[in-house]
Amino acid sequence: MANITKKVSWSSRGDESGAAGEETPLLNGSEQSRPLRQSLDYDNIENQLFLEEERRMSFVAFRCLEISRWVICGLIGFLTGLIACFIDIAVEQLAGLKYRLIKENIVKFTEAGGLSISLLLWVALNSFCVMWGSIIVAFIEPIAAGSGIPQIKCFLNGVKVPRVVRLKTLVVKVVGVIFSVVGGLAVGKEGPMIHSGAVLAAGVSQGRSTSLKKDFKIFEYFRRDTEKRDFVSAGAAAGVSAAFGAPVGGVLFSLEEGASFWNQMLTWRIFFASMISTFTLNFFLSIYHNKPGELSNPGLINFGRFESEAMEYNLYEIPLFIAMGAIGGGLGAFFNFLNYWLTIFRIRYVHRPCLQVMEAMLVAAVTATVAFIMIYFSTDCQPLGPDHTEEYPLQLFCADGEYNSMATAFFNTPERSVRSLFHNPTGTYNSLTLGLFTLTYFFLACWTYGLAVSAGVFIPSLLIGAAWGRLCGILLASTTSTASMWADPGKYALIGAAAQLGGIVRMTLSLTVIMVEATGNVTYGLPIMLVLMTAKIVGDYFQEGLYDLHIKLGSVPFLHWEAPATSHWLTAREVMSSPVTCLNRIEKVGTIVDTLSNTSTNHNGFPVVVQPAKLCGLILRSQLIVLLKHKVFVELARSRLTQRKLQLKDFRDAYPRFPPIQSIHVSQDERECMMDLTEFMNPTPYTVPQDTSLPRVFKLFRALGLRHLVVVDDDNRVVGLVTRKDLARYHVGKHGLEELHLAQT
């Protein structure tokens with residue numbers, strides 16, 4: 001492998017046949033290590049038990065299962081919509097209370113003097129809210145930090161992320177995002193909705209709660225990774241749909257960002273869940289707004305309707321839009337670059353929960369202070385007309401009948417600020433206000449993403465882009481004598497918002513549809529698509545997308561859609577793990593226990609062989625643990641004729657939290673017993689010859705969602721095992737194909 005650049009990046013303790021846990025290279029000198037990374041089994045284990053159950057099922061039973069899938073998707077959509085509704089109402093009420101209180105205080109002290117008291121009140125309220133939002137994340141459930149989108153991407157990709165779809169994670173996520181948004185941080189509540197929908201889907205589809213230790217004895221057939229993955233895809237889509245009022249965008253998000261397997265019926269079910277989610281949110285918000293039945297609030301973020309007459313664009317503006325896309329890509333890459341190094345700093349030095357809470361409170365205090373200073377020194381006063389849309393207009397030092405324009409951007413929830421930038425009439429903001437706001441909010445949002453709070457990056461990105469986009473519109477209008485030629489600066493705010501968000505997260509297809517659905521105007525479909533494509537191309541040249549960077553920082557063996565472009569000359573023989581720990585079809589119990597207890601390898605899959613080393617099946621660690629727990633030994637089966645035959649239900653009941661091998665007691669006499677694996681192993685595992693090229697191995701592994709791929713020679717003897725870790729370590733870098741050296745410890 002002389003042509004591969006060796007590069008030390010991870011240090012691991014084998015998953016499957018080797019890579020169970022990695023430690024990021026960025027932690028040199030730090031004691032903080034990464035959690036164990038294991039893969040999910042997205043391939044059905046077609047052993048004798050499974051085939052017997054399938055044969056026993058009638059056509060009616062299969063139809064009932066199909067109906068159950070639709071019912072579960074409907075439930076996922078309904079519950080996701082309810083949670084979105086709860087978050088929206090809670091944020092609106094609490095943020096409204098906070099802003100009214102601060103506004104009354106500012107009005108009181110503007111004339112009397114002593115505005116520093118107003119600043120202290122603002123800082124105190126923000127810090128108090130963020131403190132509680134950070135405490136529950138840092139001390140109770142750290143996996144609930146951030147938007148959760150990178151974790152859900154990993155889950156759908158086939159990586160088991162610990163505690164990512166637990167009930168406790170959902171509760172902390174929902175409560176945490178309310179505190180974060182109310183606390184005035186540069187965050188949005190839309191990203192966490194995707195995680196919330198995924199957690200709901202994982203819980204509902206299993207018909208039980210392992211956290212509450214409550215089993216409802218329903219949906220037991222779906223207790224396996226394959227089925228759970230499909231429902232989590234639906235949950236993520238329902239979350240997008242509830243957040244943006246974009247059901248089609250939700251389906252495309254799941255397709256573009258996550259699902260490794262896709263079919264027509266799955267698409268329909270995911271679309272159904274997305275539609276139910278949007279409808280539920282609409283229905284309950286209409287009741288809340290005292291307009292029952294009026295379904296006009298599509299999602300948590302309502303961009304408002306863009307009227308076609310005011311938003312017309314001409315052919316000569318297309319190059320300008322593309323140029324704005326390039327600016328968005330460059331700014332997005334710079335944002336990601338800063339956040340990448342900031343995250344490394346946090347991993348090294350801010351890993352204690354108390355330090356994380358203190359940092360979050362510091363960011364909240366700085367955000368409030370910066371906002372107050374910007375508003376205080378701003379001289380951008382605008383007339384307050386009778387039909388104004390400002391929720392909390394601040395007069396401050398402006399004349400009577402006028403309001404401070406900077407306050408519209410800062411003294412508001414980010415969602416309302418985005419809407420005002422899109423729809424406020426020409427002349428509402430001056431260039432200096434927008435320029436200063438873009439600069440300060442850019443760095444505040446960059447500092448905020450990655451804190452130990454539950455929060456998303458969608459809305460801050462849109463707000464930054466809308467600000468500099470509107471600035472571009474104003475500057476273009478000022479360069480010509482006929483300002484009407486450039487029409488409404490709101491359309492440039494929309495293009496800038498799309499460019500900035502695309503430059504940071506690098507989504508194309510789904511984001512185009514989400515923006516079109518959220519604005520309610522398909523006229524801008526082409527410009528938004530061109531802008532997002534340009535932003536992605538330019539951004540990718542400098543830096544990866546924000547979610548991909550955070551996945552890489554977590555040392556997750558993430559598999560992209562395709563194998564590295566220059567990897568055709570590599571073969572399965574060169575990438576596989578070997579030697580492989582194999583088990584005989586009838587194996588001694590002591591050997592199995594010793595193999596499972598071996599902490600130096602921590603294998604999760606074992607080829608089953610018949611002498612001389614010819615492959616006859618594959619069995620998983622989780623299956624062996626269930627067999628040991630139930631003491632399925634040959635001698636016991638002979639001596640006790642009444643012993644109950646093990647069924648698939650026993651494996652499903654143990655899923656997903658299989659007990660560790662240390663918790664299973666095997667006596668010395670039992671160690672001498674034999675275990676017959678014939679009935680429980682998968683007799684037809686996927687195999688490849690050892691000369692198969694890496695792209696073919698990669699395609700088979702990725703498309704089928706495999707956990708193990710057995711490499712055999714011409715005589716069907718096991719020579720190696722390909723796992724996720726073996727494939728994820730190759731990538732194309734600046735020096736061609738690079739191998740991330742995974743040192744075994």
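In the predicted model, Arg 166 is found in the loop that runs between strand S4 (159-160) and helix H5 (167-182). Its relative accessibility is 30%, so Arg 166 counts as partly exposed. Arg 166 belongs to a patch of positive charge on the surface, where it gathers with Lys 160, Lys 168, Lys 213 and Arg 657.

Between Tyr 221 and Ser 205 the separation is 16 residues in sequence and 9.6 Å in space, taken from C-alpha to C-alpha.

Strands S9, S11 and S12 were examined next. Together, these three strands form an open sheet in the order S9-S11-S12, with mixed pairing. S9 and S12 stand at the edges and have a single partner strand each, so one side of each is left without a neighbour in the sheet. In general, the strands of a sheet pair through backbone hydrogen bonds, and the pairing may be parallel or antiparallel.

The pairing between strand S9 (residues 583-584) and S11 is parallel and consists of two bridges. In one of them, Leu 583 has Val 608 of S11 as its bridge partner. Asn 584 is partnered in S11 by Val 609. Val 609 also stands opposite Leu 615 in S12. The pairing of S11 with strand S12 (residues 614-620) is antiparallel and extends over six bridges. S11 and S12 form a hairpin, with three residues between the two strands. Ala 613, in the turn of this hairpin, has a positive phi of about 60°. Strand S11 covers residues 605-610, and because five of its six residues are buried, S11 is largely enclosed by the rest of the structure.

Charged side chains were then considered. In general, side chains of opposite charge can pair when their charged atoms come close. The structure holds 26 salt bridges, and three of these are described here.

Arg 69 counts as buried because its relative accessibility is 13%, and buried means under 20%.

A further salt bridge is formed by the side chains of Arg 506 and Asp 540, at 3.0 Å from N to O. Arg 506 lies in the loop between helix H16 (489-505) and helix H17 (509-519), while Asp 540 lies in helix H18 (residues 525-542), so the pair ties together parts that are 34 residues apart in sequence. Arg 506 is buried, with a relative accessible area of 5%. Asp 540, at 38% relative accessibility, counts as partly exposed.

The side chains of Glu 672 and Lys 588 also meet in a salt bridge, with an N to O distance of 3.4 Å. This pair links distant parts of the chain, since the two residues are 84 residues apart. Glu 672 is in the loop between helix H25 (668-671) and strand S13 (674-676), and Lys 588 is in strand S10 (residues 586-588). Both partners are partly exposed: the relative accessible area is 48% for Glu 672 and 32% for Lys 588.

Salt bridges can also share partners. Glu 66, Arg 69, Arg 224, Glu 227 and Arg 269 are joined in this way into one network.

Helix H18, which holds Asp 540, is also the place of Met 529. With a relative accessible area of 34%, Met 529 is partly exposed. Met 529 and Ala 498 are separated by 31 residues in sequence and by 9.0 Å in space, C-alpha to C-alpha.

Technical notes
Residues are numbered from 1 along each chain as its sequence is written. This is a predicted model: local features need pLDDT of at least 70, side-chain atom pairs count only at pLDDT 80 or more; totals for chains, interfaces and linings use all residues. Side-chain values use heavy atoms; hydrogens and water are left out. Patches are made of residues with over 30% relative accessible area and no salt bridge: like charges are joined within 9 Å, nonpolar side chains (Val, Leu, Ile, Met, Phe, Trp, Tyr) within 5 Å. Accessible areas come from the Shrake-Rupley method with a 1.4 Å probe; for residues, only the protein chains shown count as cover. A salt bridge is a side-chain nitrogen of Lys or Arg within 4 Å of a carboxyl oxygen of Asp or Glu. Lys and Arg count as positive and Asp and Glu as negative; His and the chain ends are not counted. The place of a charge is taken as NZ of Lys, CZ of Arg, CG of Asp or CD of Glu. Helices (H or I, at least four residues) and strands (E, at least two) are DSSP runs, numbered from the N terminus. Buried means under 20% relative accessible area, exposed over 50%, partly exposed in between (1.4 Å probe, protein chains only). Two strands pair if DSSP finds at least two bridges between them.
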